[in-house]
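Please open the structure in your viewer and keep the sequence panel beside it. The stops below are meant to be selected in turn.

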Amino acid sequence: MPVSSTKAAELVKLLENSFRAVNIALVNEMARICHRLGLDVWEVVAAAATKPFGFMAFSPGPGIGGHCIPKDPQLLSWKMRTLNFEPRLIQLASTINGAMPEFVVERLAALLNVDKKSINGSRVLVLGVAYKPNTSDFRESPSLDVITLLKQAGAEVVYHDPFVPRIEIAGAAMNSLKLTDAAIRAADCAAILTNHKDVDYARVAKLSKRVFDARNATKGLSRPNVSKL
């Protein structure tokens, strides 16, 4: 797509990245609104998407990751502040998206509390650490932030990701756990943070004590032990 200059071309990319960041922030905020109202955010988004014009569906999640969306709008924001302009919408979107890992941990703590368990000492099985499905890329993945916060709260955290065999959290290596029946049953809660297609989420829901689904991977399943974002 030809444009007038390399500067314009760069801003094209920054606009596209910022567009996604802002709209993801909107739907993440809507997820928190739906939680307060006792509604399913994915049902609401899917119904809104039936409008044939003027609406583009975005999905909520535990945060945003990758090499573009979390960083590039912030670079634009920094540059504009040097020119005495405050890009408030971009900054607000970053704040909302950046708060999602903490919200996920709060939800996990609340679910464990229902079972009279503290997050301190509980075993949490994280499903998916890549920043998006079916890829091995975990740059800036919100799953890493969730794991860090869980560990800081005293949880025993293990993870399974068929695409990411090893990660490092605060200097400590973690290896992907084989997703056996025993591993699923051993966890006090399973947290679905990245919805890889080759994981049998129906099996996870059947065998888990508790499931927190941040990606709608359990769509169509109705089980009392499954809670969504």
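The tour goes from helices to a surface patch and then to charged pairs.

**Before selecting anything**

This is a predicted model, in which local features need pLDDT of at least 70 and side-chain atom pairs count only at pLDDT 80 or more, while totals for chains, interfaces and linings use all residues. Residues are numbered from 1 along each chain as its sequence is written, and side-chain values use heavy atoms, with hydrogens and water left out.

**Stop 1: helix 3**

Select residues 72-82, which form helix 3; helices here are DSSP runs of H or I with at least four residues, strands are runs of E with at least two, and both are numbered from the N terminus. Within helix 3, color Asp72, Pro73, Leu76 and Ser77, which are buried, a word that stands for under 20% relative accessible area, with exposed meaning over 50% and partly exposed in between (1.4 Å probe, protein chains only). Looking down the axis of helix 3, you will find these buried residues within an arc of 145 degrees, so they line one face of the helix; the arc is taken over the directions from the helix axis to the C-beta atoms. An α-helix has 3.6 residues a turn, so residues three or four places apart point the same way. Leu75 and Trp78 are the exposed residues on the face of helix 3 turned away from its buried side.

Next, show helix 1 and helix 4, against which the buried residues of helix 3 pack, where contact means heavy atoms within 4.5 Å. If neighbours within four places in sequence are left aside, Asp72 has contacts with Lys13, Leu14, Asn17 and His67. Beyond the other end, Asn84 follows helix 3 and has a positive phi, near 65 degrees.

**Stop 2: helix 4**

Which residues of helix 4 are buried? Select residues 88-98 and pick out Ile90, Ala93, Ile96 and Asn97, the buried residues of this helix. Viewed down the axis of helix 4, they fall within an arc of 125 degrees, so they too line one face. On the face turned away from the buried side of helix 4, the exposed residues are Arg88, Thr95 and Gly98.

**Stop 3: a nonpolar patch**

Switch to a surface view and select Met30, Ile33, Leu37, Leu39 and Val44, which make a nonpolar surface patch of about 410 Å². Patches consist of residues with over 30% relative accessible area and no salt bridge, with like charges joined within 9 Å and nonpolar side chains (Val, Leu, Ile, Met, Phe, Trp, Tyr) within 5 Å; accessible areas come from the Shrake-Rupley method with a 1.4 Å probe, and for residues only the protein chains shown count as cover. Helix 1 gives the largest share of this patch, three residues. Val44 belongs to helix 2 (residues 41-48) and is partly exposed, with a relative accessible area of 33%.

**Stop 4: salt bridges**

How many salt bridges are there? The count comes to nine, where a salt bridge is a side-chain nitrogen of Lys or Arg within 4 Å of a carboxyl oxygen of Asp or Glu.

Start with Lys71 and Glu140, whose closest N and O atoms are 3.2 Å apart in a salt bridge. Lys71 lies in the loop between helix 2 and helix 3, and Glu140 in the loop between strand 1 (123-127) and helix 6 (142-152), so the pair ties together parts that are 69 residues apart in sequence.

Then select Glu156 and Arg123, whose side chains meet in a salt bridge (2.3 Å, N to O). This pair links distant parts of the chain, with Glu156 in strand 2 (residues 156-160) and Arg123 in strand 1, 33 residues apart. Glu156 is partly exposed at 40% relative accessibility, whereas Arg123 is buried at 19%.

A further salt bridge joins the side chains of Asp137 and Arg139 (2.7 Å, N to O); Asp137 is buried, at 17% relative accessible area, and Arg139 is partly exposed, at 44%.

**Stop 5: Asp181**

Finally, center on Asp181 in helix 7 (residues 181-186), which is partly exposed at 34% relative accessibility. Leaving aside neighbours within four places in sequence, Asp181 is in contact with Arg203 and Leu207. Between Asp181 and Leu207 the C-alpha to C-alpha separation is 7.0 Å, although they are 26 residues apart in sequence.
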